[in-house]
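Me: I am new to this structure. Please show me how to read its features, one at a time.

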Amino acid sequence: MTRYGLLINYEFCTGCHSCEVACKQEHNIPVGKWGIKLSEIGPWQISKNKWQLSYIPVPTDLCTLCKSRTKKGKLPACVHNCNAAVMKYGPVEELAKEMAGNSRMVLFAPK
Amino acid sequence: MENVPWRWEEDGYTVTRSTAWSGPGCHEGCGVLLYTKDGKLMKVEGDHEHPFNQGRLCPRCLALPDTIYHPDRLKYPIKRVGERGEGKWERISWDEAYDTIEKRYKEISEKYGPWSIVGLRGTGRDLMWQQGRLLYAIGTPNEVGTLSGNSCWAPRAASYHATTGAFMVADCSQYFADRYDNPNWKVPECIVIWGTNPVISNPDWFLGSWIVECMKRGSKLIVIDSRLTWLAARADIWLQVRPGTNGALALGLLDVIIREELYDKEFVEKWTFGFDKLSERVAEHPVKKMAEITWIPEEKLAAAARMYAKSKPSAIQVGVSVDMEKTGVYTVHCIAALASITGNMEVPGGNVIALPPYGVKQPGVGGWGYHDLPEGTRKHTIGHNIYPFLATGLPTASPDVLLEQMHTEDPYPIRGAWIQGTNTLPCMATDPKQWYEGFKKMDFVAAVDLYITPTIMAFADIVLPAATYPEKNSVRACLYNLSSTNKAIDNVGECKSDLQINLELGKRFNRKFWPWDAEEDVLDELLKPAGMTFKELQQRGPTYPGIEYKRYEKGMLRPDGQSGFNTPTGKVELFSTFLHHLGHSPLPYFEEPTRGPVTTPELYKEYPLILITGVRTIFFHSEHRQIRHLREIHPEPVVEIHPDTAKELGVNDGDWVWIENHKDRIRQKAKLTPIVHPKMISADYGWWFPEKPGPEPSLFGFWDVNSSRLIDMGLVGETGFGADIKCTLCKIYKVKEGEM
Ligand code: SF4
Ligand code: SF4
Ligand code: SF4
């Protein structure tokens, strides 16, 4: 069976939290639990004019990859609404190929 | 895209395509798909076919069902039955509410004149374009916000008016329905993001995601911000400006560009007025000195000037921070000069003049019908006799003069208020204690909102429940497009749209201003310049006029059809004849903040930190504190403190700290972060706690944490626009046990 996943281009993830809230609204996830959760890496200073500040949303064990949506040909809720259009859904082999030529990418294959 | 269906059935849902516009949400006009069942909103998704947001949404619009169906939502008109502030309300009918409002306002009008009723405005919601018109029907010209110096958007609008002839925005392809693919558009080589964090706030008809899309396509950034935002962290150059000194920074940039002759000589020659005078003025502000003032290294400031001027095209997007300085109008003046002399005006990927789409105007501040008021009424507009720029620039009153007048009652008392779509007390009101006293003196106050806010609790006698955007039809003329808001659900309780309320009430006062029978008639009237009706717009979907560049060469910027800019000289006025005739400085200048390390060194010893407030977070101003999935992300008011400063003061992350200054003292929770300068702190604003007791003295606990208590009213620039808000002094220390 083809394994599906989420590819995140965290060069441009702004940390807006839309993926978190889209997921919670779609799957009725209560306060205190998440289907996908944002991590903040930084901020700290790397050198005089360089800073580390990145955001990466991480799917949790509550993530179903939006089966109910994707089987109808819709995008997962987080991907559909992502404010920076940095999330991609697809077969992991294909997504991995996309990673190859790019930096600051992370591929998740949730359970 | 035009001609897409606006309603369909999908998988057991009815889907309605619509346009978001606060309340709730924000100022923008994003395309949303509203998924409903049996007249109820089940979920919201971004509309990938709306060119404005291309499917992207903020947490605020995603959480919309929770805002609409929250148990605290106002459902019926209510009247106060106890004392003001006691929180005792009784449900009444719309008829009783309207009868009372009509009777009470008419009583006040007879006794003191209708101008002694003021209408309080918040920020640009789907009601500002008609709120003034209700007030004019009542007979008062006094539409006003309680932010000192009208220091949000208005200073920018006014200053652009006096220089380039109209508002200007960075061109991120937003005028084209096919966006980044449009062949006439160019990716900006450099974007200057100045005093705004659009990826979080999406302010002033501008979405942060457009910047991100430009970055994906190669745009380099210069970010001018006293905080290290995510954009600043990704910028080629981040200028960490000392709060309150944006004007010096702007003059410094101009100095490098003019001295090193990095400007577009042909454009300057042909299309600007007063370049020599500007150059003389700028020469008095050498970059070396400006760098010292702003706390930015000189090489960095000069490098930014060179990068901006040498990149082709370059765009500047400016935010509210420049408005919140008393010489902010002149900072904007410099910014208009920067865009013009570098040849970036009206070019693809540069800055473009923003005109209403198809001529359809939805002013964010007062206005629709102001000039139909008799001269004898208009002359009572508060502050217009003191500030001629305000009088000619915007049909809104001066909040600073109003506050004084509320206390002195000179030349007439203020006795009634209409509060619509603004939770002014914990949010927009600068120095809320003074406003609190002023509004406590009212004979009668009516308010319209989605929830009972601290403002309503403190002041209101009658409260009317407003509709959210899925509960109404409306129109969004969002600079670049026309788009319809389409009613998708049954209204909660008896709520009505602001337009319906203003129409029904307005008719009772003066039919001349409100001759229409139904809301849709008003929307049709609004759309007349576009030659469309509401129903036609609804059928067409988001409609884009597109843009031609260099419109000044084609006679497309002036009402008389002549070539040039819409200014008295037809050129970009680097020396503003308009300001000159009003008796104001026609050339830019900078003044140090009223209180600061330079102006008040003694005070600075006692209060060694610069305080800024107003940074937007997950919420829209004071909205959303009761929305669980948003509150979860930002549960408490936080003050950002540099770790070195905190260490010196023995403050740990998560400690509650007092923030104190010459005026007052409040407390917030410390967040240690290197994104702020060690000599400044950034405190949250707009907070209240819907879960805390509403009745006085608590007012949902807003007083304790309200950072506006530390800011003075009245520190206004000579034009009346712009005030020292984001630049006062303070100190911090830990809250002791037992002090909470
Ligand atoms: S794919 Fe669906 S379930 Fe998984 S994080 Fe995204 S929205 Fe949540
Ligand atoms: S919605 Fe997109 S941009 Fe926003 S936090 Fe999630 S991944 Fe990042
Ligand atoms: S910018 Fe965000 S909050 Fe504003 S309308 Fe768009 S999605 Fe809604």
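Me: Which strands form the open sheet, and in what order?

Reply: Strands are DSSP runs of E, at least two residues, and helices are runs of H or I, at least four, numbered from the N terminus. Two strands pair if DSSP finds at least two bridges between them. In this predicted model, 3 strands of chain A make an open sheet, ordered S4-S1-S5, with antiparallel pairing. S4 (87-91) and S5 (105-108) of chain A are at the edges with a single partner strand each, so one side of each has no neighbour in the sheet.

Me: How many bridges join S1 and S5 of chain A?

Reply: S1 (residues 4-9) and S5 of chain A pair over 4 bridges. Leu6(A) stands opposite Phe108(A) in S5(A).

Me: How is the size of an interface given?

Reply: Often as the accessible area lost when the parts come together. Here a 1.4 Å probe is used, and the loss is summed over both parts. Chains A and B bury about 3,100 Å² between them, 55% of it from carbon and sulfur atoms. Phe12(A), Gln25(A) and Trp51(A) supply 20% of the area that chain A buries against chain B, more than any other three residues.

Me: How many salt bridges are there between chain A and chain B?

Reply: A salt bridge puts a side-chain nitrogen of Lys or Arg within 4 Å of a carboxyl oxygen of Asp or Glu. The count between chain A and chain B is 6. One of them joins Glu10(B) to Lys74(A), with the closest N and O atoms 3.2 Å apart.

Me: What should I know about the numbering and the cut-offs?

Reply: Residues are numbered from 1 along each chain as its sequence is written, while chains are lettered from A and ligands numbered from 1 in the order written. Local features need pLDDT of at least 70, side-chain atom pairs count only at pLDDT 80 or more, totals for chains, interfaces and linings use all residues, and side-chain values use heavy atoms, leaving out hydrogens and water.

Notes. Buried area is the accessible area (1.4 Å probe) that two parts lose on being put together, summed over both.
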